[in-house]
Amino acid sequence: MKRTAYIFIAILAALFILESCDKVDEPYTVLVDSVKKGGDENYDSTKRVVLLEDYTGHRCVNCPTAAHDAHIKQLAMGKNLVIIAIHAGYFAEPTNSLPEDFRCTTGNELDEYYGVSLVGNPNGIINRTAFNDNIILGPGSWNDAINTEYEKPKMAKIRMNASLSGDKVSGSVQVEAIEPLSGDYKLCVYVVEDSIVAPQDNNNPDLDTTKTIIPIWEDYVHRHVLRGSVNGTWGSYIINGNLAVGNKESYSFSDYVLDPEWNKEQVHLVAILYHLESKEVIEAWQMHLE
Amino acid sequence: MKTLKNFKALLFIVLMLPLASNAQDVLDVLKSGQVRGDYQVNAQYYVTDSAIGAYEVPEKFKMNAYGNILYTNGNFTAGLRYEAYLNPLEGFDPRYKGNGIPYRFVSYKTDFIELTAGNFYEQFGSGLIFRSYQEWTLGYDNSVDGINVKLKPFKGVTLKGIYGTQRFFWEQGPGIIRGGDAEIFLNDIFPSMAESKLRLTLGGSGISKYQEAQDIEINTETDTSYNIYALKLPLNVAAYAGRMRLNYGGFSLEGEYAYKMNDPSALNNFIYKSGDALLINATYSQKGLGIFFSAKRTDNMSYKSNRLEQGNSLDINFLPPVTKMHTYGLISMYPYATQPNGEIGFQGQVIYTFPRESLLGGKYGTTITAHYSQVNSLKLNPINSETAIGQSGTDGYESEFFAFGDEKYFSDMHIEIRKKLNRNFKLKATYFNIFYNMEVIEGHTGAADVYANAAVFDMTYKFNRKYSLHGMFQGLFTEQDEGDWAAAMLELNLGSKIFFALGDEYNYGNPDTDRRYHYYTVAAGYTHNTTQISLRYGRQREGILCVGGVCRNVPASNGLTLTLTSSF
């Protein structure tokens with residue numbers, strides 16, 4: 001009798017398992033956003049500006065797909081999403097067929113701190129904040145993490161101005177508290193160069209069906225390449241202790257020298273405001289230099 | 001802290017003992033039990049060797065270690081495993097960094113029931129829909145933390161049920177898995193078959209995973225707009241399998257078919273196609289002859305308890321390789337890695353021993369092994385003219401079940417002759433012909449296919465009952481990748497306690513003459529009862545490990561390695 005009872009329970013359990021499945025009917029997707037090409041950028045000044053740090057490399061065959069998806073997300077979000085492409089680790093090393101070296105000290109230090117390239121590429125970090133207990137996120141998680149950060153209350157507003165004299169950049173960054181800020185905060189000012197045309201390993205032929213782009217995409221457009229930092233990888237103190245709503249703090253810099261190899265027309269400055277202890281980014285901002 | 005919450009398990013173990021009126025009774029019960037265990041330490045001191053790409057390791061010294069303890073008392077067993085990665089050895093996932101008790105369990109077993117609470121390893125059939133296991137050398141562990149129940153209600157019937165979450169480094173994965181398996185040995189069920197030479201086993205299993213909803217979007221563009229679509233995700237994804245095993249004298253045949261429901265994931269580019277797999281193994285053996293044949297087809301059978309995981313973690317199932325894993329250093333440079341998104345392949349092997357005193361057998365007999373294995377892509381067709389193969393948010397593709405795709409992934413042909421030449425000298429000579437699709441297997445787009453021939457001479461000379469010299473000489477010849485290699489290794493065994501080894505792998509045929517490096521090794525070891533300690537100094541080649549859409553580099557290294565193992 002006892003054994004029969006166990007068998008009956010086992011059969012019941014099996015039936016439950018057999019029913020534990022969700023068959024999804026077509027269509028499998030729901031349109032959530034659509035942005036016309038050539039239209040104005042979407043920007044909501046009441047919402048956070050989110051930072052995506054895309055750890056990549058020109059030897060990384062899956063990275064163009066991830067970068068393409070991130071680019072579309074940025075077009076949909078406009079200025080509310082700042083992307084930095086950090087070339088670091090094994091897949092960023094130059095080779096005979098990929099001679100460019102997009103690595104820089106700042107990118108290497110960030111990569112060493114977060115250990116991203118040891119896990120693999122492409123991977124990204126959104127607002128230097130863990131999402132579902134993971135700070136290193138595969139491309140499949142980027143949109144979800146970006147949306148989550150975007151929906152958090154806006155804590156601060158950043159504005160920048162900069163001028164270019166020859167190869168030297170000078171400017172200032174102003175931070176205004178939208179919510180009370182307590183604790184210490186630092187401000188990073190990074191230098192990013194966009195639209196660098198150089199070869200890239202690639203395994204997705206659908207990214208441009210007008211030409212052959214595998215195994216090497218010869219005229220690949222590298223976006224948002226991190227070139228360096230004005231005030232060091234971890235930035236400068238800007239808020240000590242607290243900043244009340246409406247109050248502002250400023251950071252100024254002068255005579256940062258751009259590498260003459262860079263295309264000044266494509267150089268952007270990216271400001272990142274982060275909480276010192278947690279390293280979480282609470283606001284970012286990007287400004288085109290010219 | 002990781003160990004703190006696990007300390008509660010130790011407390012639980014103590015509290016599970018029958019209540020005793022005084023401490024002495026408790027001690028008596030404890031003493032009547034048995035304690036067993038084993039441990040292993042792998043540590044390396046890293047030497048910078050920029051010539052081979054072994055860059056400075058800031059810690060200089062890294063270590064992976066574990067210790068298992070098992071306590072058994074009658075029907076009751078409890079155990080735990082402590083692990084420490086301080087910091088993880090180069091080539092191991094840095095997310096292992098830390099130390100703690102990631103594995104602990106209590107178990108109660110009788111002839112009728114075995115119940116385990118805590119971490120466990122289990123498998124249904126060949127593992128096509130469920131297998132949890134640990135492989136220390138790979139840094140792989142997908143143990144389930146939950147409940148495992150095994151029932152034997154009648155002779156010949158085994159029922160299993162599992163429920164839990166999987167290990168993800170020092171955390172648990174987000175998915176919950178639950179499943180069951182039933183296996184029936186018909187010869188025990190039907191009295192008429194009890195004495196039959198035909199032995200027949202049937203089995204069936206089902207498993208389901210649950211993961212919370214997530215916002216997963218796919219970004220597309222048309223001529224006029226950029227569009228973002230959210231995926232409608234199945235929260236519960238089930239898989240089922242049926243299997244059969246037949247034995248008749250020296251002949252055995254086993255087969256298993258598995259089916260998986262829609263499972264859009266990062267690894268399959270979020271397609272909604274169902275997955276399936278078929279595995280067939282057939283063997284025949286008699287004195288002096290063994291024949292083995294295996295065939296496998298898998299299609300979209302990656303099955304993880306986190307739909308976003310692309311690395312080598314959180315696999316619910318196991319897709320067995322249909323190729324042979326080699327242990328010789330140069331031959332294992334081109335190992336085949338199962339392609340989770342789909343492949344079709346087979347392997348066959350014949351082992352024949354020419355008897356002693358025969359013409360070809362000689363005084364001691366001669367054994368010849370011939371093996372061939374091959375794996376190809378599946379034959380894929382688009383589902384319609386507007387949808388690319390593998391496009392996210394669609395059914396992905398269609399595939400003809402028994403058709404081989406045009407792209408060969410791997411093949412391995414080798415012939416081995418094993419012969420004892422005299423009382424002291426044994427020789428094994430093997431010729432290999434290998435095809436290796438580096439672009440697919442390593443994810444190294446643009447890499448040329450590797451066509452390699454190789455030979456290995458493996459010989460052992462016994463000086464006497466205690467002392468022997470083992471020598472291995474290998475050559476690998478290819479015009480692709482890094483070109484030709486030669487390797488030699490000598491190992492002197494002094495009884496069963498001490499060994500010394502000296503080896504070198506030389507990339508003499510590298511097209512880049514500046515990279516024709518020697519990878520030398522010296523090693524020594526000592527064994528005392530169940531404890532073995534060995535030291536190795538030398539270079540290790542660099543490699544790339546790619547799983548799913550993410551690749552990581554396994555760096556070259558140079559330094560002193562310590563390995564310590566023991567059991568009690």
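**View 1. Chain A as a whole.**
In this predicted model, chain A has 290 residues, of which 53% count as buried. Its secondary structure comes to five helices and 18 strands, and its C-alpha trace spans about 90 × 55 × 40 Å along the principal axes. If we take the contacts in chain A between residues at least 6 apart in sequence, 72% of them join residues that are at least 24 apart. The accessible surface of chain A is about 13000 Å², and carbon and sulfur atoms account for 48% of that area.

**View 2. The surroundings of A:Lys47 in chain A.**
A:Lys47 is found in the loop that runs between strand 1 (29–36) and strand 2 (50–56) of chain A. When residues up to four places away in sequence are not counted, A:Lys47 touches A:Asn80, A:Tyr150, A:Glu151 and A:Lys154. With one of these residues, A:Glu151, the contact is also a polar one, for the side chains of A:Lys47 and A:Glu151 are joined by a polar contact of 3.1 Å.

**View 3. The interface of chain B and chain A.**
The size of an interface is often given as the accessible area lost when the parts come together. Between chain B and chain A the buried area is about 5000 Å², with 60% of it coming from carbon and sulfur atoms. In terms of residues, 63 of chain B are in contact with 55 of chain A.

Which side chains meet in a salt bridge here? They are those of A:Lys73 and B:Glu217, with a distance of 3.2 Å from N to O, and the count between chain B and chain A is one salt bridge. Across the interface of these chains there are 13 residue pairs in polar contact, with both residues of a pair at pLDDT 80 or more. On the side of chain B that touches chain A, the elements that give two or more residues are strand 9 (157–168), strand 10 (171–185), strand 11 (198–210), strand 12 (217–221), strand 13 (225–231), strand 14 (236–248) and strand 29 (550–554) of chain B. Strand 13 gives the most to this side of chain B, with seven residues.

**View 4. B:Gly242 and the residues around it.**
B:Gly242 belongs to strand 14 of chain B, which is also among the strands that give two or more residues to the side touching chain A. Is B:Gly242 buried, partly exposed or exposed? B:Gly242 counts as partly exposed because its relative accessibility is 34%, a value that lies between the limits of 20% and 50%. Apart from its neighbours within four places in sequence, B:Gly242 is in contact with B:Gly203, B:Gly204, B:Gly255, B:Glu256 and B:Tyr257. The C-alpha atoms of B:Gly242 and B:Tyr259, which are 17 residues apart along the chain, are separated by 9.2 Å.

B:Phe457, B:Tyr461, B:Phe463, B:Tyr467, B:Leu469, B:Phe473, B:Leu490, B:Leu492 and B:Phe500 together make a nonpolar surface patch of about 790 Å². The elements that give two or more residues to the patch are strand 22 (450–462), strand 23 (467–478) and strand 24 (485–494) of chain B, and strand 23 gives the most, with three residues. B:Phe457 lies in strand 22 of chain B, and B:Phe457 is partly exposed because its relative accessible area is 41%.

Note on methods
Residues numbered from 1 in each chain as written. Chains lettered and ligands numbered in written order. Predicted model: local features only at pLDDT ≥ 70, side-chain atom pairs only at ≥ 80, totals over all residues. Heavy atoms only, no water. Patch = residues over 30% accessible without salt bridge, like charges linked within 9 Å, V, L, I, M, F, W, Y side chains within 5 Å. Areas by Shrake-Rupley, 256 points an atom, 1.4 Å probe, with all protein chains shown as cover. Salt bridge = Lys/Arg side-chain N within 4 Å of Asp/Glu carboxyl O. Helix = DSSP H or I, 4+ residues; strand = E, 2+ residues; numbered from the N terminus. Buried < 20%, exposed > 50% of the residue type's maximum accessible area, 1.4 Å probe, protein only. Contact = heavy atoms within 4.5 Å. Buried area = accessible area lost by both parts, 1.4 Å probe. Polar contact = N/O pair within 3.5 Å; in protein donor to acceptor, adjacent residues only side chain to side chain.
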